[in-house]
Number of protein chains: 2
Amino acid sequence: VADGGWIAVDWGTTNRRAYLLDAGGDVLDSLSDACGVLSVPAGGYPDELEALRERWGARAVVAAGMVGSDRGWIPVAYTEAPADLDGIARATRRVAADAWIVPGVALRRADRVDVMRGEEVQVLGALAGADGDDDALFCQPGTHSKWIRTVGRRIVDFSTSMTGELFALLRAHGILAGMLDGAVADGSAFRAGVDRGASAADLGAALFEVRAAVVLGTLARGDAAARASGVLIGAELGGRDLEGREVALLASGPLAELYAAAIGLRGGAVRPIDSQTAFLDGIRAVRARLA
Amino acid sequence: VADGGWIAVDWGTTNRRAYLLDAGGDVLDSLSDACGVLSVPAGGYPDELEALRERWGARAVVAAGMVGSDRGWIPVAYTEAPADLDGIARATRRVAADAWIVPGVALRRADRVDVMRGEEVQVLGALAGADGDDDALFCQPGTHSKWIRTVGRRIVDFSTSMTGELFALLRAHGILAGMLDGAVADGSAFRAGVDRGASAADLGAALFEVRAAVVLGTLARGDAAARASGVLIGAELGGRDLEGREVALLASGPLAELYAAAIGLRGGAVRPIDSQTAFLDGIRAVRARLA
């Protein structure tokens, strides 16, 4: 494209954010919608690409996230951990004329395996300006929370916990469903839940206690959702040694507040990171490495 | 009733079992149906009672289980742990002419609370012929698995884990849903799951690993359900010291096999107990104590 501008897309399961960038990488325009991969019909991606180009011109497009999964446009093979920007750029796949999808990262340890698609761009973007020798621990909370350890601008280990999904399932279905419509905010019910969840050998028991406590009147019904959320987040944090540890938190809004409180309770120090800035730094760095 | 016969009902959330007993307590007839409290409309219990009496005569009825909850016929106040047959009989409530509902048991410890409705009858029934001084540990697996400790024919402590409910939620909804339609049986996938779940500080991470392993091809899709079931049952068992411990297992069918295998893996020795026999022994003992 004559002026060198291009389009970056953070294309997740539920949501999509797209950005029009100029040749220097500055954001000229952006959009955010619910057009995640679950709402794009099979075979619908070329049309989505055209729609972006109708809006912003016939520019190069670089996308990351679940768009590269078997639920998305085209499955793009994972790159393997340890993973850095050079490796990710090498495994980025051209899926149409002037359109690329960034790979996810696969972890294959002897004791467990894990996968990510999209978080790698944010984490490596957040590290792009950092001292390359540092150890860092990132947390990106959500439906499937990621804990990502980096050494020297390289993702070396990570773990995914389906904390947000379990909360959504419990809230929508099952025995706790009628009790979890209260607000979820930092407070004594949430903090008691974090303590309980972090020490719970049996998460399923710690969750049932929420119901028993409401039934027996030792927990107000309006506090049940905050307590259950605390139990789940506490269980996610309980097995990690956060005492004195800095956690780079890739989150915004209410979830950022809840995780900041919970990480603080477990002795960690939160460094907030803006997810959009991190994504843009990461995708610019990938684009700069594409041949 | 002239001949002294009566009707006992084990009335749970989803299912119901009713028995016609003669004056000596022998079972003359029984029925088992899906007429649990979730399928009885509000105000529908007198009609259900009439239907039982049309079938078996105008006899006394003693019922136990969720029928005595706020989702059932009439909320019957819990009796408090430690709980024995005498206390349960004293708190059994007459809810209609010649019809009684057995209370559940509430546990109020400083660190946690719990509730049960129905399991107390089976456990105390199973103990009715036992040496009254023994310590015993009962496990009743299911949607909400119960672990119940007794001393001297008295329920002194218990804990409920929503293991079966979590499995059902994961199988029906969410990211694992499409992967969990395989058979769940004892085998290497189940046992590996038990090991992983029992040592998991973060159950939500151990569950996500099932998805990652299928995606990366280190776990066959057909084994995912057995593995996830093992992770959940392992997490239920992991916090309990079962080494060398006898566990009285109140279960039947596939669930009995899975729990027997998992408890064995954790070093426990299973003593199988027939749930129906235990329920009948318990409800007979309660009925004998009613004024």
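This is a short walk through a predicted two-chain model, from the interface to a few spots inside each chain.

Hi everyone, and thanks for coming. First, some housekeeping. Because this is a predicted model, local features need pLDDT of at least 70 and side-chain atom pairs count only at pLDDT 80 or more, while totals for chains, interfaces and linings use all residues. Residues are numbered from 1 along each chain as its sequence is written, chains are lettered from A and ligands numbered from 1 in the order in which they are written, and side-chain values use heavy atoms, with hydrogens and water left out.

Let's start with how the two chains sit together. Chain A superposes on chain B by a rotation of 180° with 0.0 Å of shift along its axis, at an RMSD of 0.0 Å. That is the relation of a two-fold axis.

Now the interface itself. Here 41 residues of chain A are in contact with 41 residues of chain B, where contact means heavy atoms within 4.5 Å. Of the interface residues of chain A, 100% are also interface residues in chain B, so the copies meet through the same surface. About 3500 Å² is buried between the chains, and carbon and sulfur atoms give 68% of that. Buried area here is the accessible area, with a 1.4 Å probe, that two parts lose on being put together, summed over both.

What about polar links across the interface? There are 9 residue pairs in polar contact between chain A and chain B, both residues at pLDDT 80 or more. A polar contact is a pair of N or O atoms within 3.5 Å; within protein, one must be able to donate a hydrogen and the other to accept it, and residues adjacent in sequence count only if both atoms are side-chain atoms. Which element gives the most to the side of chain A that touches chain B? That is α6(A), with 10 residues. Helices (H or I, at least four residues) and strands (E, at least two) are DSSP runs, numbered from the N terminus.

The rule also finds 2 salt bridges across the interface, a salt bridge being a side-chain nitrogen of Lys or Arg within 4 Å of a carboxyl oxygen of Asp or Glu. In one salt bridge between the chains, B:R240 meets A:D202 at 3.5 Å, N to O.

Over all chains, the whole structure has 28 salt bridges. A:E80 pairs with A:R108, with the closest N and O atoms 2.8 Å apart. This links strand β5 to strand β8 of chain A, 28 residues apart. A:E80 is partly exposed at 35% relative accessible area, and A:R108 is partly exposed at 46%. For these labels, buried means under 20%, exposed over 50%, and partly exposed in between, using a 1.4 Å probe and protein chains only.

Another pair in chain A is A:R154 with A:D84, at 3.2 Å, N to O. A:R154 lies in the loop between β11 and β12 and A:D84 in the loop between β5 and α2, so the pair ties together parts that are 70 residues apart in sequence. A:D84 is buried at 17%, whereas A:R154 is partly exposed at 34%.

Over in chain B, B:D86 and B:R289 meet at 2.6 Å, N to O. That pair joins helix α2 to helix α9 across 203 residues.

Back in chain A, A:R109, A:D111, A:R112 and A:D157 are linked in a network of salt bridges. In chain B, B:D157 lies in strand β12 and counts as buried at 15% relative accessibility. Its side chain makes a polar contact of 3.3 Å with that of B:R112.

Two backbone details to look for on screen. The peptide bond from A:A81 to A:P82 is cis, with omega near 0°, and A:P82 sits in the loop between β5 and α2. A cis bond also joins B:A81 and B:P82. Then there is A:D98, whose phi is near 55°, a positive value in a residue other than glycine. A:D98 lies in the loop between β6 and β7.

Last stop: helix α5 of chain B. Its buried residues include B:F190 and B:V194, and the buried residues of this helix pack against α6, α7 and α8 of chain B.

Note on methods: Least-squares fit on C-alpha atoms with pLDDT ≥ 70 in both.
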